[in-house]
Amino acid sequence: MAARPVIGLCAALERASWGVWSSPAHLLPREYADAVQRAGGIALILPPDPRAGEHPDELLDLLDGLLLAGGSDIDPAAYGAQPHPATVNTNPERDAFEIALAQAAVARDLPFLGICRGMQVLNVARGGTLLQHLPESHGHDDHRRNPGTFEGADHQVRLEAGSLAARAAGEETHRSLSHHHQGVDRLGEGLVVTGHSALDELPEAVELPGSRFVLGVQWHPEADETSRLIASLVDDARDYATARSTRASSSTGNGGGSSVPAR
């Protein structure tokens with residue numbers, strides 16, 4: 001049986017309660033891991049790690065793909081802005097860790113998917129900026145209609161024909177489950193917008209042309225069991241794992257070293 005590709009899932013730092021305990025914890029909604037496992041991957045949860053933030057290849061060497069999940073607002077200091085009053089619950093430790101991983105993953109062409117906040121992290125990692133409160137800039141709160149739930153949160157996203165976003169979703173008009181109040185403003189270096197909200201043309205998908213799989217989506221495919229997006233990441237990670245295993249075997253057979261670490 002072929003080895004399952006390992007997908008790194010970055011966890012949030014939040015206060016949590018369980019049993020008689022209430023304490024800071026590393027958290028990730030189980031839907032992310034469930035989606036990776038359904039697609040045939042291994043879900044490896046990654047807590048923020050200051051050392052790995054400085055040397056991200058230590059972690060990325062373990063992975064065949066990286067998924068940055070949704071969560072709290074990014075500290076505007078990460079993109080040179082002052083905080084809006086609606087920007088809350090920021091965690092610079094998580095931001096620094098995920099930005100470093102995103103930059104290093106893109107540099108090594110590791111399959112990468114950013115979901116909601118993860119798409120925003122990708123944009124910031126490439127030097128872009130964010131709109132900090134969409135109700136102010138766009139005049140409505142339909143991107144986060146019911147805080148804390150995806151009930152009634154769906155709307156259509158138009159994906160460009162031939163784009164990675166459309167190929168990963170398997171369609172050009174895609175149902176999205178939305179829960180965000182921030183969005184992409186200035187686009188990061190090299191990124192292109194390949195998906196727009198049918199509500200107001202807000203960028204909902206960005207990707208990096210020339211890469212094997214670098215995609216950010218503003219909605220939550222992990223909450224939709226009919227979505228193919230996370231499975232597409234796992235499929236590409238499987239190909240990545242096979243290719244680097246082949247290169248490692250070839251290099252070992254020739255008596256040399258491999259530039260792509262093998263597991």
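**Note on the predicted model**

1. Strand 2 (residues 12-18) and strand 3 (residues 21-27) run antiparallel and pair over seven bridges. The model is a predicted one. Within this pairing, Ala-16 faces Ser-23 of strand 3. Two residues separate the two strands, and in this hairpin Gly-19 has a positive phi near 55°.

2. Helix 1 comes next in this note. It spans residues 30-38, and Tyr-32, Ala-33, Ala-35 and Val-36 in it are buried. These residues sit on the same side of helix 1, because they cover an arc of only 160° around the axis. Just after helix 1 comes Gly-40, with a positive phi of about 95°.

3. Look closely at Asp-73. Asp-73 sits in the loop between strand 5 (65-68) and helix 4. Asp-73 is buried, yet it has no salt bridge. Where is the nearest side chain of opposite charge? It belongs to Arg-144 and is 5.9 Å away.

4. What does the side chain of Asp-73 reach at 3.1 Å? It reaches the backbone nitrogen of Val-88. The side chain of Asp-73 also has a polar contact, at 3.0 Å, with the side chain of His-181. Residues up to four places away in sequence aside, Asp-73 touches a set of residues that includes Ala-86, Thr-87, Asn-89, Thr-90 and Asn-91. Also among the residues touched by Asp-73 are Asp-95, Arg-117 and Gln-182.

5. Two residues deserve a check of their backbone angles. Most residues other than glycine have a negative phi. Asp-109 is not a glycine, but its phi is positive, about 60°. Asp-109 belongs to the loop between helix 4 (92-107) and strand 6 (112-115). Its relative accessible area is 26%, so Asp-109 counts as partly exposed.

6. The second case is Cys-116. Its phi is positive, near 55°, and Cys-116 is a residue other than glycine. Cys-116 lies in the loop between strand 6 and helix 5 (117-125). Is Cys-116 buried or exposed? Cys-116 is buried, because its relative accessible area is 5% and buried means under 20%. Asp-109, by contrast, is partly exposed at 26%.

7. Helix 4 also holds Ala-96. Ala-96 is partly exposed, with a relative accessible area of 46%. How far apart are the C-alpha atoms of Ala-96 and Val-106? They are separated by 16 Å, and the two residues are ten residues apart along the chain.

8. Finish with Gln-156. Gln-156 is part of strand 8 (residues 154-159). Its relative accessible area is 37%, so Gln-156 is partly exposed. Gln-156 and Ala-198 are 42 residues apart along the chain, yet 5.5 Å separates their C-alpha atoms. Which residues does Gln-156 contact, leaving aside neighbours within four places in sequence? They are Thr-173, His-174, Arg-175, His-196, Ser-197 and Ala-198.

How values were computed. Residues are numbered from 1 along each chain as its sequence is written. This is a predicted model: local features need pLDDT of at least 70, side-chain atom pairs count only at pLDDT 80 or more; totals for chains, interfaces and linings use all residues. Side-chain values use heavy atoms; hydrogens and water are left out. Helices (H or I, at least four residues) and strands (E, at least two) are DSSP runs, numbered from the N terminus. Buried means under 20% relative accessible area, exposed over 50%, partly exposed in between (1.4 Å probe, protein chains only). The arc is that of the directions from the helix axis to the C-beta atoms. Lys and Arg count as positive and Asp and Glu as negative; His and the chain ends are not counted. A salt bridge is a side-chain nitrogen of Lys or Arg within 4 Å of a carboxyl oxygen of Asp or Glu. A polar contact is a pair of N or O atoms within 3.5 Å; within protein, one must be able to donate a hydrogen and the other to accept it, and residues adjacent in sequence count only if both atoms are side-chain atoms. Contact means heavy atoms within 4.5 Å. Two strands pair if DSSP finds at least two bridges between them.
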